[in-house]
Amino acid sequence: MRLERRDTPSRSAALLAPVAAIAGTLGVASLLVAWAGAPVAQAYWLLLEGGFGSRFAITETLTRATPLILTGLAAAVAFRARLFNIGAEGQLYLGALAAVAVGGLHGGSGWAAPVWLLFPAMMAAAALAGALLLLGPALMKSRLGVDEVVTTLLLNFIVLLFVGAMLDGPMKDPAAMGWPQSVALQEPLQLDRLVERGRVHSGLPGALVAALLLWALLKFTTHGFEIRAVGANARAAAFAGMPVGWVTVKVALLSGALAGLAGAVEVAGRAGYVTLDMSPGYGYSGIVIAMLAALHPLGVVAAAVFVAGILVGADSMSRAVGVPTYIADVIVATALIAVLVATLFTQYRLRRGPRP
Amino acid sequence: MNELLELLAAAPFWVSVLRVATPLILGTLGALLCERAGVLNLGIEGIMVAGAFAGWLAVYAGASLWGGVAVAAATGALIGALHALLTVSLALSQHVAGLGITLLATSLASYAYRVSFPKVDTPPTVEPFAPMAWLPIPVLNAQTPLTLLALGLVPLIGWLLYRTPLGLALRTVGENPAAAEGQGLSVAGLRYGAVIAGSALMGVAGCFLTLAAFNAFFFNMVNGRGWVCVALVVFASWRPGQALAGALLFAFFDALQLRLQQAGSGVLGLELPYQLYLMLPYVMAIVALVVMAHRASTPQALMKPYRKGER
Amino acid sequence: MPADPPSPPVLRLTGITKRFGPLLANDGISLDLAQGEVLALLGENGAGKSTLVAILFGHYVADSGTVEVDGRALPPGHPRAALDAGIGMVHQHFTLADNLSVLDNVMLGTESLWWPFSRRDAARRRLVELGMRFGLAVDPQARVAGLSVGERQRVEILKALYRGARVLILDEPTAVLTPQESETLFATLRQMVAAGLALIFISHKLDEVLRISHRIAVLRGGRLVALLPAAGADKPLLAEAMVGRSVEMPRRAAAPARQGAPACELRSATVLAPGPAHGRPLLDGVDLQVQPGEIVAVAGVSGNGQAVLAELLCGQLALDSGSLRVAGRALPARPRTFVDAGVARIPEDRHAVGVVGDLALWENAVLERYHRPAYARLGVLKRRHAMADAQALVERFDVRGTEAAGVHTVTRRLSGGNMQKLILGRALMAGGAARTVPPLIVANQPTWGLDVGAVAYVHQQLLDAAAAGSGVLLISEDLEEVFALADRIAVMHQGRLGAARPARDWNLASIGLAMAGGGQRQAAMTAGATA
């Protein structure tokens with residue numbers, strides 16, 4: 001058995017690929033559910049119901065999807081330029097911290113500035129924090145050839161420890177009775193709820209706008225053109241005159257900013273303060289979402305909603321039938337591998353025989 | 001300053017250096033084998049978690065300690081086979097496949113742990129490896145047999161790579177697969193073998209944590225050590241001897257920061273948040289990568305998938 | 001001409017057929033090879049020669065047909081089987097591991113992988129002995145990365161001899177050698193034949209083929225169209241068999257160079273090698289001048305600085321000392337500046353450097369100029385305009401393969417020839433509305449790997465551009481191309497460029513001497529003799 005490149009990529013395979021991937025994923029997950037001793041069909045029903053089956057479920061899913069859209073976009077734009085940003089988790093936390101640093105109730109009342117000034121400043125600070133954090137590994141890659149996967153990964157650990165140190169020290173909430181959490185954001189800076197009796201907030205339309213803007217950037221602008229060219233063949237792009245190093249920097253700033261915004265949006269929209277466990281791996285899930293969406297900004301929205309639904313549904317399912325919540329992470333990781341394999345078959349087919 | 005020197009001169013410090021270094025040596029050797037054959041294995045973090053869990057579970061279920069190590073190695077080998085399938089046979093992106101495997105292996109191990117032990121507050125323990133008190137050599141006689149194994153593997157793998165026909169074949173596959181193909185060797189077979197063997201070592205590195213360093217499985221127990229190993233391979237210029245040196249150097253600083261934390265503000269005269277000490281290992285790993293950036297001679301075919309007969 | 005030796009066939013191919021998708025690379029080819037015979041496989045690029053030998057050696061499996069060695073069927077698809085049967089191959093692109101030593105490369109795969117001990121001393125002795133016997137001396141400990149191209153080829157040959165090859169396949173061995181080195185190679189080959197080896201020699205150079213072979217097999221379009229003894233064959237006969245029609249290859253008519261500022265002028269250009277201990281400069285005091293309307297060719301064996309010269313003239317590299325002026329202006333070393341100054345650049349490697357394969361044809365067409373006001377405003381691409389210009393390019397430069405998707409065709413799918421036409425069009429249309437032809441064209445190996453039709457097309461475009469006033473700098477390892485197109489020829493050797501003299505002042509011997517580093521005075525003396 002071997003792989004042979006198709007002359008023209010198969011249209012039908014391209015449409016079937018995500019479906020096949022999801023089917024394969026659910027198959028694997030069924031085995032795990034059965035192992036936990038829970039009835040498989042009921043478990044899946046509860047998963048779907050928990051994620052999408054009620055008004056409450058949908059609002060929960062959309063709430064969870066909001067930061068995922070942003071980290072998904074962060075991964076998508078970086079991967080497009082072959083900058084493997086695995087550091088979205090750290091960029092998210094640093095962005096959240098920066099947002100609270102600007103908009104928090106320091107010393108009781110925080111910065112005394114009008115909301116229309118403070119809110120954008122808060123968002124800008126978060127974006128800047130994430131952007132600068134990724135800039136380091138990006139420069140190390142383009143100037144020194146250091147693999148950015150490992151540097152961004154290691155930075156995640158460093159940032160989390162830094163946030164911990166901040167929460168224990170300068171940014172500690174004096175009223176929080178010993179729990180490590182930051183000062184809260186000023187009330188007017190927190191995002192409005194979109195519906196009553198639901199947690200989905202105005203960060204969601206913001207995330208959707210971000211997706212649209214990124215799509216437009218990639219398709220219609222010179223910057224997007226450069227990003228796509230550099231990602232596909234940096235040597236040819238350099239030969240043609242594109243400023244490859246500068247493009248890498250731009251992509252790093254953009255990707256880091258998006259992840260930083262995810263952190264700010266989470267703080268402003270959900271808890272109102274930063275804790276060490278505010279992100280259950282949103283940064284890493286963003287990578288999976290980006291791959292599921294084939295790095296397409298609009299696809300990221302769909303994939304983020306899907307993954308969010310799985311995560312929310314798995315939470316409620318696990319409470320109901322006693323399947324550990326880690327099933328959600330297994331599903332997401334399996335989906336990633338399944339999608340990679342399925343996408344491969346749009347470009348290649350299996351042939352019998354030992355050699356070409 | 002004097003306190004610092006006292007600290008360094010004490011034998012227990014070096015005992016903990018060797019103990020901290022052991023999983024790093026094993027993991028780095030494993031990653032080195034994979035990369036020498038041209039395959040970057042970013043599944044290492046996940047494989048170490050899976051090996052830690054599987055080895056510990058086997059012992060908890062009644063196997064001997066070495067039986068547990070064998071199970072951990074087998075687990076690593078199995079996951080390695082999956083990675084090889086994705087990256088060698090299907091020629092998928094080695095970065096993404098590796099990350100996917102880490103996510104999958106980690107979440108599977110966590111899931112399996114929760115399914116096996118649904119309602120426990122304190123993690124159940126096993127009887128770990130005992131220190132080799134019968135050895136007459138100081139510092140070493142406080143270590144477990146796995147540490148000896150790790151130290152012994154360094155010259156063994158060096159000899160394998162540089163003095164045997166198999167090692168030559170492996171190195172060639174990582175430099176120019178076409179050269180190996182042209183001499184009648186199977187590139188895919190060699191890469192599979194290297195990845196499976198390397199992943200087995202990574203599994204053993206993981207079970208060291210649960211069967212020797214500690215005696216139970218905790219979530220987040222690997223805590224980025226796998227990524228540090230990937231950085232150490234670069235620092236080692238893909239050479240086993242240098243890998244040992246790098247692991248020891250790194251372990252030195254890691255053990256040091258632990259001591260400094262415990263000693264409190266006295267040693268350096270500063271009151272620093274403990275997180276700063278914990279950051280030190282990761283910062284060092286990044287520094288190691290930067291320092292070696294232009295000097296290391298990377299295997300030329302690393303991360304380039306080899307597709308036979310593609311037009 | 002060596003006489004035909006009578007022997008039973010050591011190799012027999014019967015009905016070899018191989019398809020790659022819609023392409024029929026080999027169509028029912030049947031051949032014999034006798035012991036001690038030299039069989040030349042002749043054909044233009046794309047005729048199926050490399051596919052056939054790849055099948056022989058086990059890199060590919062034929063769809064149908066058999067290969068027999070000494071009457072025994074050869075198991076298909078495994079180089080191991082071919083090696084065991086005594087077939088060795090010297091690939092066109094050397095299969096050597098640069099970071100390993102000569103001995104490592106030769107010993108690879110010769111010992112069982114399960115045996116933990118390696119017998120290096122015995123191997124080294126055997127290698128040295130073989131080298132002396134056939135005049136192929138190399139230092140076994142030397143690292144391959146440090147060897148010259150000729151030395152690397154020796155290692156490739158030794159690899160096969162070390163394994164006891166009885167049939168040796170050589171794929172375009174003289175493509176990377178000077179004429180004198182080719183002579184040495186032929187002497188070696190004759191020695192091997194005298195020792196009983198049979199050779200299959202792939203080439204597209206008719207002179208060599210006629211000199212070295214007993215019989216000649218001509219492939220065209222995948223089929224064996226002629227199989228004849230070398231004695232009695234001549235170049236026109238072979239050329240017509242190869243191409244199937246008489247192709248008029250464009251030749252340079254004598255044209256006076258124009259006056260005015262040179263299109264490009266290099267004075268004492270020096271580029272040092274990277275690293276603290278510089279060693280020999282990559283470019284050493286190069287002087288070169290190309291007038292508008294003239295074609296200057298830089299010949300030389302690959303690896304003597306041509307790539308650096310090309311990078312310099314494409315704006316990818318800066319000088320360490322000396323000066324470079326394009327159309328009278330000194331330019332900063334940035335590719336975009338050179339593009340904007342009107343330099344038309346055709347890179348050596350069209351796949352890796354010339355185009356971004358995954359992008360659409362129109363995107364590649366505009367790859368160098370997307371930042372100009374004509375194609376972008378305030379950062380927004382004028383997509384329709386770019387697509388329209390790309391369509392004009394496709395039509396003007398006859399880029400085929402776009403029937404299905406037009407300018408949205410994924411560039412990777414174009415054939416080599418069409419991709420080169422795209423690159424050519426992009427370069428030549430770079431002037432925009434104001435200029436009709438670019439002031440300087442830098443063409444680096446522009447016809448490498450192309451079939452005769454595409455080669456003729458590219459040559460004609462270059463000639464037309466020169467006639468319209470462009471200065472053309474042609475960097476080429478193909479001496480036929482150099483002699484066909486150039487007004488003046490300069491030879492590059494170890495970073496130094498000899499003086500560029502009129503083409504008629506050179507012949508094969510003198511240019512070969514210069515390529516190997518022979519002195520200018522000597523070259524001048526022999527140049528007086530007729531070619």
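Helices here are DSSP runs of H or I with at least four residues, strands are runs of E with at least two, and both are numbered from the N terminus. What you're looking at is a predicted model, in which local features need pLDDT of at least 70, side-chain atom pairs count only at pLDDT 80 or more, and totals for chains, interfaces and linings use all residues. Residues are numbered from 1 along each chain as its sequence is written, while chains are lettered from A and ligands numbered from 1 in the order in which they are written.

Let's start with one residue. B:Val228 sits in helix α10 of chain B, which covers residues 225–235. Is B:Val228 buried or exposed? It counts as buried because it has 31 C-beta neighbours inside 10 Å. (Buried means 20 or more other C-beta atoms within 10 Å of the residue's own, exposed means 12 or fewer, and partly exposed is in between; C-beta atoms are placed from the backbone.) Leaving aside residues up to four places away in sequence, B:Val228 touches B:Leu24, B:Phe250, B:Pro281 and B:Ala285. Contact means that the C-beta atoms of two residues, placed from the backbone, lie within 7 Å. B:Gly27 is 201 residues away from B:Val228 along the chain, yet their C-alpha atoms are separated by 9.1 Å.

Now for how chain B meets its partners. On one side, 37 residues of chain B are in contact with 41 residues of chain A. Helices α5 (94–116), α10 and α12 (274–291) of chain B each supply at least two residues there, and α5(B) has the largest share, 13 residues. Elsewhere, 22 residues of chain B are in contact with 25 residues of chain C. Here the elements of chain B giving two or more residues are α7 (165–175) and α8 (177–182), with α7(B) giving the most, 7 residues.

Chain C is divided into domain 1 (9–243), domain 2 (249–342 + 437–531) and domain 3 (352–434); these bounds come from an automatic or database domain assignment. The C-alpha centres of domains 1 and 2 of chain C lie 33 Å apart, and 10 residues of domain 1 are in contact with 11 residues of domain 2.

Ala, Val, Leu, Ile, Met, Phe, Trp, Tyr, Cys and Pro count as nonpolar, Asp, Glu, Lys and Arg as charged, and the others, Gly among them, as polar.

| Chain B, touching chain A | 26 nonpolar residues | 8 polar residues | 3 charged residues |
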